[in-house]
Amino acid sequence: DGVADAVAVPNSPLFQLENELTVEAWFRLDSIAGRREIVSMVSTGVGAAGFSLGTSDDSLTAVFMDAEHNAWTLTWGTLVTGEWIHAAATYEAGGVLAGYIGGRRAAQQAAGALPLNPCDSNLVIGAATALDGGFLDGRVAEVRVWSAARTAGEIGGLWLSRLQGTE
């Protein structure tokens, strides 16, 4: 019914990405309020680990946690309700943390020098990893998690394309 719904994808070795990561998704917001997750794979508390792509009021926010439990956060863009939006975020250890909207880089900053801290939680689409609230008020489609920090050209070249499985 689209209300307080989320999908949990069981944790897999495929999600244990450390040096580079890209997360992308199409989403449509029905309302804008506070912090909500689009895609989340985060364990909190002692040994915080993982990553998330979400909203914070009317902006996009990505959080990547490194091996020393530092949270590298980037906020970008201005969101609206009722429109489908493509968002992506990349992390490259010792490189750049970048945010994209509509296939174009909208923000970047230096990323931490350490690799990401692998996470033992499930990958959750549409809510916080713990599924204890923070549900996205809207819809999510075409989530992509890559084991590389995709370039601006790669994100811009594929954001409107259906994947074939050979990328």
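**Figure 1. His69 in the loop between E5 and strand E6 (71-76).** The model shown here and in the other views is predicted. His69 is not a glycine, yet its phi is positive, near 70°. Most residues other than glycine have a negative phi. With a relative accessibility of 39%, His69 is classed as partly exposed, because that class lies between the limits of 20% for buried and 50% for exposed.

**Figure 2. Ser59 in strand E5 (residues 59-65).** The relative accessible area of Ser59 is 15%, so the residue counts as buried, the limit being under 20%. From the Ser59 side chain to the backbone oxygen of Gly77 the distance is 3.2 Å. Gly77 is also among the residues that Ser59 touches, together with Gly54, Thr75, Trp76 and Leu79; residues up to four places away in sequence are not counted.

**Figure 3. Glu142 in strand E11.** Phi of Glu142 is positive, at about 50°, although the residue is not a glycine. Glu142 is partly exposed, with a relative accessibility of 43%.

**Figure 4. The largest pocket, with a volume of about 150 Å³.** The lining consists of 10 residues, of which Asp5, Ile125, Gly126, Gly138 and Val140 are the closest to the pocket centre. Strand E11 (residues 138-146) gives the most to this lining, contributing 3 residues. By class, the lining of the largest pocket holds 5 nonpolar, 3 polar and 2 charged residues.

Definitions and conventions: Residues numbered from 1 in each chain as written. Predicted model: local features only at pLDDT ≥ 70, side-chain atom pairs only at ≥ 80, totals over all residues. Heavy atoms only, no water. 1 Å grid on protein atoms, 1.4 Å probe; cavity = no way out; pocket = protein on both sides within 12 Å on 5 of 7 lines; lining within 4 Å. Points joined across faces, edges and corners; volume = space filled by probe spheres on them. Helix = DSSP H or I, 4+ residues; strand = E, 2+ residues; numbered from the N terminus. Nonpolar A, V, L, I, M, F, W, Y, C, P; charged D, E, K, R; others polar. Buried < 20%, exposed > 50% of the residue type's maximum accessible area, 1.4 Å probe, protein only. Polar contact = N/O pair within 3.5 Å; in protein donor to acceptor, adjacent residues only side chain to side chain. Contact = heavy atoms within 4.5 Å.
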